[in-house]
Amino acid sequence: MDSRQAGVKPFVIFCSLIASLGTLNSGINTSALNVPSYYVRNCPDSDHVTYFPGSSLPQCIKMNDWIWGVATGMLAVGGLLGAISSGTLAERFGRRDSMLFMNALFVIGAVLISTSTTSGQFAVGRIFVGVTSGFMTTIVSVYITEISPPSHRGVLVAFLQLFTTIGIFLIEAIGLGLRTPVGWRVVTAITVVPAIIQAAGLIFCSRSPRWLIGRNRIDEARAVMLKLRKGNIEEEFTEMIHGVLNNNNTSAPSPSSNDKTLIDDDNDSGKIEKLSVETKKNNTSTLTLFEVMRIRKLAILTMQQMVLHAGSQLTGINAIMYYSTSIFEASFGDNAAYVTVGVAALNIVATIVGQSLIDRLGRKMLMLISSVCMCIFAALMVVGMTQDIPVLQVVCIMLFVASFGVGLGIIPFLYTAECLPSYAVGAGCAAALMSNWFFNFIIGLIFPSLASACGDYVFLIFVGLTFLLSIFIFFFIIETKKRSIEDIGRQLGWYDLDVQAALSSSSSSVSEKKS
């Protein structure tokens, strides 16, 4: 049986779960300060900074609203830096090995935050954990996409968002019992645990076969494919190598072609051997973001991914995730933290539902359902706030978060990794996640000011933005479920793209304009 229809090996699931621990850590750091935030900024029974007995560590770090917003937002600044660097690091060291090394920054960040004595040290620590969070959200999706069979790719990449939501829930639940001057420091140190577990687990995971092919390590890539796949790998592996050949200024035919140079041998192993030789002759380096943006087809595709990721943040989801406790305090007082944890638990359930549907309903349909429902519930949330109906507020916030978890929380990461060729996926995903983290930072930074200025009507802004995102998804997103990356490339127009010719043409056009 062809490996593309032969099911999924437990080893692939293991690799996907270990990789997704990186996004679990991202979720932990996203919401680590949500529940114990009061104790970070306020010392017990005092308007001044007090210290632990016999220690130089302050019990709190005094910050006004603006400094607190900036310090909290440094996670997103770090995420932006991590996304920018992710493509280069993943191409140079490989997906697996770069994830392993980057866990060191989680540890450094945790040490800085948990031992903070000033707001500056606190902010720098947030940048460190943010860099790795941004890197992980970019590369985990690429890695799982590249090791997964097409028939199960959606559900496996969805572990990325599922683990993110689990991380958010776990840290908020733990935070309920650690709302003390000592507790917030313990909460910010917990990120070390999954970092160590992931680093140890990655040693036993496979490298990406597509990355190995791009590095001319064809025999090693074939051995990895045999570990990752059930059934006969020859057709799928041949198609993978075709994708690399198309990167390298060749006009490789589709797998169904009768090109004599590819089918002189009667068996698929002969095809692979010949393709391997051609790959080694023709292989060039992967493209930088600048080079991707010089090629019109890839530039348009990359900008579409950037819009999709920006839109997922402009729905206002992180206004809820960062400030949900503060939002709920107006209606629920001291019980607000428990409502926040309930929202995080619902997000897990919604993500599991989305994970079960992603390879059935498809990517486009789920994202449309997600964005339209978020638009509706954000509008009803405004009604609940303006009319002072606490029950309606809570129900709408929960349904808003659930709607995000079903579609927009999962799919943009998968869709971006599916839609780009292997030689551009690092740069393209980096650009998309740069957009994601940039707007994550902007929303986290300006939402308190927006809430003060707009009052109960603040979520009307997100109603309009989410409506525009729904229109974008309807007109510009294609369906990719259960299709090979090469097949998707044929529809998007990059499968037979002559990269070197496109770059040369771009350079010639620039030279003509200058002259």
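Here is a short tour, in questions and answers, of a predicted model.

Visitor: What should I know before reading the values?
Guide: Residues are numbered from 1 along each chain as its sequence is written, and side-chain values use heavy atoms, with hydrogens and water left out. In this predicted model local features need pLDDT of at least 70, side-chain atom pairs count only at pLDDT 80 or more, and totals for chains, interfaces and linings use all residues.

Visitor: How many helices and strands does the protein chain have?
Guide: Helices (H or I, at least four residues) and strands (E, at least two) are DSSP runs, numbered from the N terminus. The secondary structure comes to zero strands and 25 helices.

Visitor: What percentage of the residues of the protein chain count as buried?
Guide: Buried means under 20% relative accessible area, exposed over 50%, and partly exposed in between (1.4 Å probe, protein chains only). The protein chain has 515 residues. The share that counts as buried is 58%.

Visitor: How many residues of helix 21 are buried?
Guide: Helix 21 spans residues 411-419 and is mostly covered. Its buried residues include Ile411, Phe413, Glu418 and Cys419.

Visitor: Which cutoff class does Leu465 fall in, buried, exposed or partly exposed?
Guide: Leu465 is found in helix 23, residues 459-476. Its C-alpha atom is separated by 7.4 Å from that of Gly311, 154 residues apart along the chain. Because its relative accessibility is 31%, Leu465 counts as partly exposed.

Visitor: Why is the pair of Phe93 and Phe101 called edge-to-face?
Guide: Rings of Phe, Tyr and Trp (its six-membered ring) pair if their centres lie within 6.5 Å; planes under 30 degrees apart count as stacked, over 60 as edge-to-face and the rest as tilted. The structure holds 13 aromatic pairs. The rings of Phe93 and Phe101 have centres 6.1 Å apart, and their planes stand at 85°, so the pair is edge-to-face.

Visitor: Which residue lies over the face of Tyr495?
Guide: A charge sits over a ring if NZ of Lys or CZ of Arg is within 6 Å of the ring centre and within 35 degrees of the ring normal. Lys364 lies over the face of Phe474, at 5.6 Å from the ring centre. Over Tyr495, at 4.3 Å from the ring centre, lies Arg490.

Visitor: Which helix gives the largest share of the lining of the largest cavity?
Guide: On a 1 Å grid over the protein atoms alone, a cavity is a set of points where a 1.4 Å probe fits but cannot get out, and lining residues have an atom within 4 Å of a point. The largest cavity holds about 290 Å³ of space and is lined by 22 residues, with Gln161, Thr164, Gln313, Asn318 and Phe413 nearest its centre. Elements giving two or more residues to this lining include helix 1, helix 16 and helix 17. The largest share, five residues, comes from helix 7.

Methods
1 Å grid on protein atoms, 1.4 Å probe; cavity = no way out; pocket = protein on both sides within 12 Å on 5 of 7 lines; lining within 4 Å. Points joined across faces, edges and corners; volume = space filled by probe spheres on them.
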